[in-house]
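The entries follow the order in which I went through them.

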Amino acid sequence: MRAENHYRTEIMNNFFHQKFSIPCYDTDAAQLLKPVSFMNYAQEQANCHASILGFGYDDMVTTKTAWVLSRMHIKFFRHPKWRETVNMKTWHKGPQGLFYIRDFKMTDEKDEAVLAAATTSWLVVNIDTHKLVREAILDEGSVCKDDAVSPACEKICIPAGIGQEYVSSHAVSYSDLDLNGHANNAMYAVWSMDVLESGFALSHPLKELKINFNHEVKAGETVDLYLSRASEAEENKYWVEGRIRGNEASQVSSFIVEMIF
């Protein structure tokens, strides 16, 4: 019997809820949810919830502003399997310094076991000038202060004494782009996991991912990828930095990812 990919949405107590089954195209060769798929779910949930609350994409365009994802921290407790039904919810926690914080949580079908949790930090920028917009734009009545992951994702720093090894380069093309014409945030995780040894992630499911988005990447640009490995005491901890190609003096850091397997 073919499993149906049902999809149910509701708003309750400032949470945006969705219930759905994991489709085959969001899983890897082990039939487990890929980290990039969780990031894509989170991105769409954030868009849907913000639109319902009046500060979604279409609302922001009218004021020439846009949400920009700056940091993300995900913890995977168990990767759901293909055709498994999950519950996923999101809520926004209001401003925190320069950032606006939004959290996510994915649980099993009975909503008893937490499968994954994440916190994200967003900035508001002017579309024309790319400058930060600092005015409060949220209805405080829709804020929920519950923590899925705490604290908010911090700045990632590769420990002193750990070298960086150039691994590969990625030319940004059609499949990488989002609706703004930039590399989609989830693609940075794809590039980062792809630089690891073949088959490593299949035998070592990702436990934790942190990412700092430092600079947008556009079609036609090339990102050079540098890998760092932790000491033997933390053998399954890696960092990947993506630098927009230029001469050595002018290379710009596009992102840094920290992964624990």
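**Cysteines.** I began with Cys 157, which counts as exposed at 55% relative accessibility, where exposed means over 50% relative accessible area, buried under 20% and partly exposed in between, with a 1.4 Å probe and protein chains only. Cys 153, by contrast, counts as buried at 3% relative accessibility. I then looked for disulfides, taken as pairs of cysteine sulfur atoms within 2.5 Å, and the structure holds zero of them.

**Basis of the values.** I noted that this is a predicted model, in which local features need pLDDT of at least 70 and side-chain atom pairs count only at pLDDT 80 or more, while totals for chains, interfaces and linings use all residues. Residues are numbered from 1 along each chain as its sequence is written, and side-chain values use heavy atoms, with hydrogens and water left out.

**Salt bridges.** I next counted salt bridges, each a side-chain nitrogen of Lys or Arg within 4 Å of a carboxyl oxygen of Asp or Glu, and found eleven in the structure. One of them joins Asp 103 and Lys 93, at 2.9 Å from N to O. Asp 103 belongs to strand β5 (residues 99-108) and Lys 93 to strand β4 (residues 85-96), so this pair ties together parts that are ten residues apart in sequence; strands here are DSSP runs of E with at least two residues, helices are runs of H or I with at least four, and both are numbered from the N terminus.

Because Lys 210 lies in strand β8 (residues 208-213) and Glu 154 in the loop between β6 (114-126) and β7 (165-171), the pair ties together parts that are 56 residues apart in sequence. Lys 210 is buried, with a relative accessible area of 11%, whereas Glu 154 counts as partly exposed at 36%. Arg 243 and Glu 241 meet in a salt bridge at 3.5 Å, N to O, and both of these residues are buried.

**Pockets.** For pockets I used a 1 Å grid over the protein atoms alone, a pocket being an open set of points where a 1.4 Å probe fits, with protein on both sides within 12 Å along at least five of seven lines, and lining residues having an atom within 4 Å of a point. The largest pocket holds about 1,300 Å³ of space. Its lining has 42 residues, and Trp 67, Val 68, Leu 69, Asp 178 and Asn 180 lie nearest its centre. Which element gives the most to the lining of the largest pocket? I found that α1 does, with seven residues.

The second largest pocket has a volume of about 370 Å³ and a lining of 20 residues, with Asp 28, Met 193, Asp 194, Ala 201 and Leu 202 nearest its centre. Here α3 gives the most to the lining, with four residues.

Technical notes
Grid points are joined across faces, edges and corners, and a volume is the space filled by probe spheres set on the points.
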